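Take a look at the model below. We will walk through chain A, then chain B.

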Amino acid sequence: MAQCKACNTELPKNAKLCPKCGTKVYVPPKNVRVLAIVGAVMAFLGGLLPFVQNSENVADAYSYMSYLNNDGYQYQNHQTLWYLYMVALIATIIIVVLKKEIFSIITTAIAAIIFGITFSQLTSFMNEDPVYTVGLGTYVVVLGLIIAVVGCFFDILKFRKTVEYDTRYMTNNKSTWSKMVYHKWFYVMFIPVVVFIAIFNYWPMLGVRYAFTDYKRVPVYVGIKHFAGMVAKDPYFWRAFWNTLQLSVIKLVLNTGMAVIISLLLHEITNIWFKKTVQTIIYLPHFMSWVVVASIFRMLLDTSDAGMINTFLMNANLVNEPVYFMGSVEHWRGVYYIVNIWRDTGWGTILFLATLSGISPELYEAAEIDGANRFNKMRYITLPALANTIITVFILNLAKVMNLFESVFVLMNDAVISVADVIQTYIYRMSFSGGNNYGYTTAVGLFKSLVGCVLVLICDYASKKVRGRGIV
Amino acid sequence: MKKLVSSVLALSMVLGLAACGGSDASTATTAASGSNDTTAAAAETTTEKAIEKPSKITVTCDGTVVKEDDNAQAFYDALAEATGIEAEWERPDHSGYKDYIGTLFGAGSGSLPDVVLLSSGNYATYAQLGYLWDMTDAWENSEVKNSGRVSDFGLELFENSKVVGPDGEYHLYGWSPVSGNGCVTYIKQSWLDAAGISTLPTTWEEYYADLLAMKEAKGADYVISAAGLVGGEAPYINYLPEFYQDAYPEFYEKDGVWVDGFGEDAMKGALERLAKAYADGVLDPQIIDRTTSEARDLYYEDKFGVFTYWAGKWCNTLTTNIKKKALYDGADKEVIVSLPPIAEVGQYLNRIAPQWCITVDAENPEGIFEYWLSKQLDGRDCQLLWEYGTHYTYENGVFAFTALESTGNSATYNHIDGLLKLGEYASDFNDGKDIGIDVGSPAIAQEAANVFKSASKMAPSIKMTDAMTDNSAAIWTARKSVIADVCLGKISAEDGLARYEQEVGDLVKECLDSLNK
């Protein structure tokens with residue numbers, strides 16, 4: 001948090017004047033160095049990826065530079081240019097970190113020029129040998145260089161304004177390195193976490209490269225073929241995508257709504273023993289496997305005499321013949337939402353009940369004195385107190401809407417696939433039935449992750465607006 | 001600090017560059033050496049160079065081999081002793097085996113076992129993708145093929161087991177010591193009696209009339225159930241053959257040209273028969289949802305009377321379990337009757353058996369084939385009958401099986417079913433001669449197997465191409481959805497086929513073009 005130079009008062013976000021002494025204060029612009037660094041790193045990584053890709057053998061691309069030189073290609077200095085390009089980018093990063101932005105634009109420009117020369121040569125090479133196509137690295141480099149150049153310009157503009165900025169008032173005068181040394185054992189303890197996350201969370205991410213290949217024993221680079229096929233060719237991808245959004249969002253709204261209602265009702269119960277018993281009972285379904293839950297509801301909804309629901313409907317003369325709920329597109333989604341509510345509503349009440357228990361009893365007493373009945377107390381005290389939690393729960397869960405699999409997988413069948421198929425079941429089917437098209441399903445999975453990532457960012461933004469802090 | 005960070009960042013990038021280059025180079029080298037190994041191996045076989053015996057191999061298979069709960073270790077030890085090769089067995093859950101295999105091969109070359117048991121669909125897929133070792137030469141030059149022990153039928157099956165490899169040519173990538181077997185329609189005698197049916201139907205008309213008569217006589221909700229309206233792997237139609245008749249919902253070769261069976265007129269007739277049977281209450285209303293075990297259990301509980309299921313030993317198992325449920329009231333009669341194929345079906349389909357395959361990760365594929373895999377056809381007792389003393393005994397010329405822990409039932413055979421074997425086998429008993437199919441095969445099972453054998457044909461072969469790999473799952477999604485919707489009466493057969501054409505017509509055409517290339 002920034003402080004006023006005159007009185008050391010902590011300054012609110014985006015304040016122009018100190019709220020205590022009225023001194024005109026300067027709030028430094030956001031640190032955008034990260035933009036230039038990200039761009040330079042992207043361009044660097046792009047340099048490692050294939051600029052030009054043999055469309056028949058993905059392994060060819062990795063040794064492209066040496067291949068060009070060894071093959072007697074007309075530009076013998078190709079590899080040297082490549083090294084210069086990489087060095088320029090490393091220099092860019094170092095210069096940006098050292099805050100010598102005015103020089104970073106020079107090194108970034110050098111890298112861009114070198115790339116331009118290299119790429120023009122590669123283009124002519126591709127024309128000579130059509131088996132080669134533009135590789136993934138080219139796209140990454142172009143994008144990275146654009147970001148890097150823009151980032152460098154931003155840095156130069158930003159730091160021109162910060163000439164009179166005094167860092168002593170922004171933080172203590174200890175360097176980060178000194179702090180790290182001082183807290184070194186915390187960092188040592190942190191190492192296992194870093195290693196764990198690197199191995200189990202980041203290392204598997206390398207598999208996304210197969211989204212650009214036909215996955216065989218020797219993967220064949222196919223560029224964006226799978227992404228194009230996913231969007232334009234496959235008739236069932238978009239259906240699964242929209243089903244995912246619809247099922248998830250409606251389920252989220254219903255589950256949250258039901259959890260709120262149940263919480264309010266539980267909150268009204270004064271007999272503690274009864275309240276705890278009910279709570280325990282409604283929590284239990286959450287701990288059941290989805291397979292068990294599906295079996296229970298299949299039994300309940302069976303079309304034979306064993307099906308309790310159909311037997312009831314028939315005996316009550318509400319239907320003339322048993323309804324095949326699990327095989328009807330008209331009923332399946334309704335059943336799905338009910339099953340989800342039954343299983344997860346109880347668990348969802350925990351947060352709301354915790355919030356409700358934190359409401360001051362004095363508020364209720366005051367309301368009673370003012371003549372409020374139970375409904376009015378709920379309307380004017382309980383619900384407003386609960387609103388922030390409801391929004392928080394909703395936002396946190398919104399980030400997970402793409403992760404719908406098990407609940408759908410165990411309940412769907414061929415008759416309802418048009419309304420039940422979601423992205424994850426679609427990926428499962430494409431991976432394990434038919435042609436085992438792993439390249440394609442990796443591409444779909446990557447797309448799903450990107451959508452999920454965007455949703456998380458949106459939720460983070462919404463969370464900051466609503467709660468004053470992000471979702472993490 | 002910032003200098004340090006920048007230096008570390010730069011250093012990590014350089015190291016990353018070096019690591020990436022190194023890794024790729026080694027991968028490429030491995031791949032190259034792998035293919036060289038394969039080529040060299042083939043050369044070795046043809047030149048009859050001495051084949052080295054592997055000392056240890058890794059094997060992945062499903063529950064068709066003796067289950068872990070049934071003292072599989074005794075079998076492993078006996079097999080290791082018989083072959084002189086120690087095997088490390090990976091035994092995933094039988095019901096999840098398909099997913100396990102998908103994950104296994106999804107991880108790519110480098111982590112595959114030496115030997116893996118694959119279903120016919122996976123066999124064709126992974127052969128085409130280049131994960132399986134081409135054993136054509138090894139088979140042709142093998143002692144077992146030239147021994148005369150394998151029957152002509154067996155030799156024909158091996159020929160039919162050839163599938164397309166990464167080079168687009170047919171090769172033998174898998175190996176099975178038994179025929180694939182197929183399904184026979186079983187009718188409960190009690191249901192026939194209730195309807196007063198004394199003669200088994202021979203045509204679709206008679207068959208359907210009998211189904212309706214049995215439904216009425218028993219007052220049943222339905223007469224037939226199965227695990228879905230269409231199977232998940234070839235030959236797809238084996239659980240409802242009378243309804244599909246001459247229709248085959250997959251690409252198959254017809255007079256030398258690959259066609260889409262789902263788009264043919266025969267499929268329209270099949271869909272109409274399914275829809276009518278569903279509307280008439282002949283088919284289980286929840287047949288779409290049923291799993292195999294659910295359908296079996298309902299059959300045992302006498303919820304329905306006609307069940308098409310595997311021929312041979314399963315006839316005995318069904319009979320035993322129906323009797324256990326005490327629903328059988330005719331001790332002197334047969335519990336279930338095997339129905340010979342009706343005229344419109346002509347012949348039941350013999351599927352391509354699950355194949356024992358050697359993967360490209362195996363260091364010594366020739367040795368594995370010669371000393372471990374092909375030995376399955378020499379009829380070792382531990383492969384036919386499991387382990388002596390643990391799973392069976394042989395005293396005074398009589399075989400006796402012990403009870404299995406997993407089911408409580410008596411053991412019958414190991415993964416080589418005597419009813420399905422492909423030739424004569426030597427034995428450690430019976431004066432070295434084949435022990436015969438009587439062992440572990442009750443008369444009722446033999447009878448069902450004979451009904452099947454006397455009227456069965458090989459299921460259409462499977463061919464995979466790049467286009468098939470890309471589009472097969474989407475096409476099957478469309479097929480299954482159309483079958484379900486037509487059967488449930490949501491749309492007519494004609495509209496269903498039109499929808500199929502509209503949704504995946506382009507993909508089908510792409511597949512056909514690649515198959516006929």
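At what angle do helix H10 and helix H16 of chain A pack, and how far apart are their axes? This is a predicted model, and in it the angle is about 145°. The two axes lie 10 Å apart. To find the pair, look at residues 237-268 for H10(A) and residues 374-398 for H16(A). H10(A) passes H16(A) in a right-handed crossing. On the H10(A) side, the contact is made by A:Leu252, A:Thr256, A:Val260, A:Leu264, A:His267 and A:Glu268. H16(A) contributes residues including A:Met378, A:Leu386, A:Ile390 and A:Phe394. Sort the residues of this contact by type, and you get nine nonpolar, four polar and two charged.

Now step back to the whole of chain A. It holds 20 helices and four strands. Of its 472 residues, 33% are buried. Take the contacts in chain A with a separation of 6 or more: residues 24 or more positions apart account for 66% of them.

How confident is the predictor about chain A? Its pLDDT averages 82, and 85% of the residues score at least 70. Residues 66-76 of chain A are another matter: there pLDDT stays under 50. For this stretch the model has nine contacts beyond four places in sequence. Where pLDDT is low, the predicted coordinates should not be read in detail.

Move on to chain B. After H4(B) comes B:Gly130, with a positive phi near 90°.

Next, the strands. Three of them form an open sheet in chain B, in the order E10-E7-E11, with antiparallel pairing. The edge strands are E10(B) and E11(B), and each pairs on one side only. From one strand to the next, the twist averages 35°. E7(B) and E11(B) are joined over four bridges. In E11(B), B:Ile336 is the bridge partner of B:Lys188.

B:Glu395 has B:Val398 as its bridge partner. Two residues sit between the strands, and B:Asn396 takes a positive phi near 55°.

Why point out such a phi? Most residues other than glycine have a negative phi, and most peptide bonds are trans. B:Asp255 has a positive phi near 50°. Its place is in the loop between strand E8 and strand E9 of chain B. B:Asp255 counts as exposed, because it has 5 C-beta neighbours inside 10 Å. B:Asp302 also has a positive phi, about 65°. It lies in the loop between helix H11 and E10 of chain B. With 16 C-beta neighbours inside 10 Å, B:Asp302 counts as partly exposed.

The last stop is a peptide bond. B:Ala234 and B:Pro235 are joined by a cis bond, with omega about 10°. Look for B:Pro235 in the loop between helix H8 and helix H9 of chain B.

Notes
Residues are numbered from 1 along each chain as its sequence is written. Chains are lettered from A and ligands numbered from 1 in the order in which they are written. This is a predicted model: local features need pLDDT of at least 70, side-chain atom pairs count only at pLDDT 80 or more; totals for chains, interfaces and linings use all residues. Axes are lines fitted to C-alpha atoms, for helices over the stretch in contact, and angles run from 0 to 180 degrees between N-to-C directions. A crossing is left-handed if the near helix is turned anticlockwise from the far one by less than a right angle, and right-handed if clockwise. Two residues are in contact if their C-beta atoms, placed from the backbone, lie within 7 Å. Ala, Val, Leu, Ile, Met, Phe, Trp, Tyr, Cys and Pro count as nonpolar, Asp, Glu, Lys and Arg as charged, and the others, Gly among them, as polar. Two strands pair if DSSP finds at least two bridges between them. pLDDT is the predictor's confidence in each residue, from 0 to 100. A residue is buried if 20 or more other C-beta atoms lie within 10 Å of its own, exposed if 12 or fewer, and partly exposed in between; C-beta atoms are placed from the backbone.
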